[in-house]
Amino acid sequence: MSIVRVVHSSGIYSRPVSSFIIKRCYSISPSDSEKKLSPDEAKQQAAQLAMQSIKDFGSLLSSSPDEATQPIDTAPIYEDPKLFGSLSLLHQGQVLKELQDKYDKKWQKLTMKDKLLGYYIAYGDWGVREKFDNWRTLEAPYDLPFVVPSKVKTTSPNKDTIIKKLEPVILAETPVRKAQFDFKRMDGVTKFFIYLTVFIAMFGIYRDKSIGEEGRPKELIVFDRHELARQERIAKEKADEEKRILEEKLALEQKKKQKKWYYLWLR
């Protein structure tokens, strides 16, 4: 795992990140959009997100050479990283591929815009991290599963030092994540697609098990005449072998009896 190092006027703060190493050389003022949305605005925003999801899904299935499936000019995204969240899945993949190609080469050649865009994609307030409005500060993320700063019991541990596990933290129950995992507050479009998917899956399983393509499937037993003949031959050979063994056994017993009576007659 790589490390993101943020250089601030008051110190250095390191954070883990999956694929980027970025140096920030200055701080940014807090966002001006921290106000809470009204119920009407929230509903409107949810409807926009639902429509965007449908468009993204349709753009993946569409084969027509329209603008939604054509590459875009990524220069404005580097100028304003906030535009990344409004892109379709296809165009987000284009930006990520282009940025990852740069990070796979020498990091000394990365520009400040490349670093800022990578930092925004990793920590910015877009997508599921929309409410993480402290991403441009040195504060810990809202869903950090441990306490910052860490409570160190001792700086010189020995063989008798007792090590205890940290208390488990369920990220879905953190205040910033509760709204995302609250099924009751899920928008109607998402619920509809979830129920539709479950219904289609259950109907498909029932159809495969009970109905089939043209009604209830009938069991068709196919006999291999060559295999049947082979089994009959094996059974016959086995019966002949048992008969031969039985005859040999009877003959041996008869022979023993004859010798016994002959021996008594001589005496």
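Reader: Let me start with phenylalanine 193: is it buried, partly exposed or exposed?

Author: Good place to begin, and do keep in mind that this is a predicted model. The idea is to look at relative accessible area, where under 20% is buried and over 50% is exposed. Phenylalanine 193 has a relative accessible area of 42%, so it is partly exposed.

Reader: And how much of the protein chain is buried?

Author: Of its 267 residues, 18% are buried.

Reader: What about the overall layout: how many helices and strands does the protein chain have?

Author: There are 7 helices and 3 strands. Along the sequence they run β-β-β-α-α-α-α-α-α-α.

Reader: Now helix packing, please. At what angle do α3 and α4 pack?

Author: For packing, look at the angle between the two axes and at the distance separating them. Helix α3, residues 89-103, meets helix α4, residues 112-123, at an angle of about 125°, and their axes are 11 Å apart. Because of that angle, α3 is oblique to α4. Their crossing is left-handed.

Reader: Which residues make the contact?

Author: On the α3 side they are Val95, Leu96, Leu99, Lys102 and Tyr103, while α4 contributes Asp114, Lys115, Leu117, Gly118 and Ile121.

Reader: Let's move to ring pairs. How many aromatic pairs are found in the whole structure?

Author: The search finds 7 aromatic pairs. To read a pair, take the distance between ring centres and then the angle between the planes; over 60 degrees counts as edge-to-face. Tyrosine 120 and tryptophan 135 are an edge-to-face example, at 5.3 Å centre to centre with 75° between the planes.

Reader: Which residues do ring pairs link into a cluster?

Author: The cluster consists of Tyr119, Tyr120, Tyr123 and Trp135.

Reader: Back in α3, is histidine 91 buried or exposed?

Author: Histidine 91, which is found in helix α3, has a relative accessible area of 9% and is therefore buried. Leaving aside residues up to four places away in sequence, histidine 91 touches Glu67, Ala68, Gln70 and Ile72.

Reader: What does leucine 83 show when read the same way?

Author: Leucine 83 and tryptophan 126 are 43 residues apart in sequence, with 9.5 Å from C-alpha to C-alpha. Leucine 83 is found in the loop between α2 and α3, and counts as partly exposed at 33% relative accessibility. Not counting residues up to four places away in sequence, leucine 83 touches Pro76 and Ile77.

Technical notes:
Residues numbered from 1 in each chain as written. Predicted model: local features only at pLDDT ≥ 70, side-chain atom pairs only at ≥ 80, totals over all residues. Heavy atoms only, no water. Axes fitted to C-alpha atoms, helices over the stretch in contact; angles between N-to-C directions. Helix = DSSP H or I, 4+ residues; strand = E, 2+ residues; numbered from the N terminus. Parallel < 35°, antiparallel > 145°, perpendicular 65-115°, else oblique. Left-handed = near helix turned anticlockwise from the far one by under 90°. Contact = heavy atoms within 4.5 Å. Phe/Tyr/Trp six-rings, centres within 6.5 Å; stacked < 30°, edge-to-face > 60°. Buried < 20%, exposed > 50% of the residue type's maximum accessible area, 1.4 Å probe, protein only.
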